[in-house]
Amino acid sequence: MAEKQKILIVDDDENIAELISLYLKKECFDTRIVHDGEMAILQYKDYQPNLILLDLMLPGIDGYEVCREVRKDSKVPIIMLSAKGEIFDKVLGLELGADDYIMKPFDSKELVARVKAVLRRCLPEEGAKPEPSSGQKGEFVSYPDLTISQTNYEVTYQGGRVDMPPKELELFYFLASHPNQVFTREQLLDHIWGYEYIGDTRTVDVHIKRLREKIKNHEQWGLATVWGIGYKFDAKVKPVK
């Protein structure tokens, strides 16, 4: 029997936390609830969850700081929660390493769907084995000194593996799969994040900035800004797919 996936719920509102736990338990997740940031950091290390649902406004250490602490040594998926009307900088959350965010009040079906979607992106399928770096299979694109595998969620750059969150990799893969084609920020939001992100074009800029910090432009390819329009993957050679 497969082991249940574990969700750490961090919310100072006990009623909301219990309600979230109920929704997730019905979907066969194991859950643990904590109500403040300091305990969240301790319980994350003890519980080793597969995903963290992290409220922004917490007593003591807030959700941003918890996210920052967790990201020092873990890539566990994090979904931030924020009530409408609270000051919530989505870009700051993404820069700190959050994988998604949900605004309260939320629909129970949406919450469960978001949790499952993030887990699918971040965790390998049960029984899946990584493909060798040579002879790639599945969804991948390759250029000189660069291979992006969306099947294994791996990026190999100049012979070494580069760690990046799922959305960064998906954006990089999408652009590299369409060399020399210009995409507006709105198009990229639609393709990578979905309709609920339309209008928040800063999200794309943050991810491009982070990609450029990790992957420097090659003499035969690179990420290019098309001023006034958007971005493209500038390539002088054809990709291997």
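Predicted model: local features only at pLDDT ≥ 70, side-chain atom pairs only at ≥ 80, totals over all residues.

The protein has eight helices and 12 strands. Of its 241 residues, 47% are buried. Now take the contacts in the protein with a separation of 6 or more: 56% of them are accounted for by residues 24 or more positions apart.

Next, the helices. Two packed helices are described by the angle between their axes and the distance between the axes. Helix 6, residues 166-177, packs with helix 7, residues 185-193, and helix 6 packs with helix 8 too. Here are the numbers for both pairs:

| Helix pair | Angle between axes | Distance between axes |
|---|---|---|
| Helix 6 and helix 7 | about 120 degrees | 10 Å |
| Helix 6 and helix 8 | about 85 degrees | 10 Å |

Start with helix 6 and helix 7. Their axes make an angle of about 120 degrees, so the two are oblique to each other. The crossing of helix 6 past helix 7 is right-handed. On the helix 6 side, the contact is made by Lys167, Glu170, Leu171, Phe174 and Leu175, while helix 7 brings in Leu188, His191, Ile192 and Trp193. Sort the residues of this contact by type and you get six nonpolar, one polar and two charged.

Now for the other pair. With an angle of about 85 degrees between them, helix 6 is roughly perpendicular to helix 8, because angles from 65 to 115 degrees count that way. In this contact, Lys167, Glu168, Leu171, Phe172 and Leu175 of helix 6 meet Val204, His207, Ile208, Arg210, Leu211 and Lys214 of helix 8. By type, the residues here come to six nonpolar, one polar and four charged.

Is His218 buried or exposed? His218 has a relative accessible area of 16%, and the cut-off for buried is under 20%, so this residue counts as buried. What does its side chain reach? The His218 side chain gets to the backbone nitrogen of Gln220, at 3.0 Å. And further along the sequence? Setting aside its neighbours within four places, His218 is in contact with Pro144 and Asp145.

Terms used: Residues numbered from 1 in each chain as written. Heavy atoms only, no water. Buried < 20%, exposed > 50% of the residue type's maximum accessible area, 1.4 Å probe, protein only. Polar contact = N/O pair within 3.5 Å; in protein donor to acceptor, adjacent residues only side chain to side chain. Contact = heavy atoms within 4.5 Å. Axes fitted to C-alpha atoms, helices over the stretch in contact; angles between N-to-C directions. Helix = DSSP H or I, 4+ residues; strand = E, 2+ residues; numbered from the N terminus. Parallel < 35°, antiparallel > 145°, perpendicular 65-115°, else oblique. Left-handed = near helix turned anticlockwise from the far one by under 90°. Nonpolar A, V, L, I, M, F, W, Y, C, P; charged D, E, K, R; others polar.
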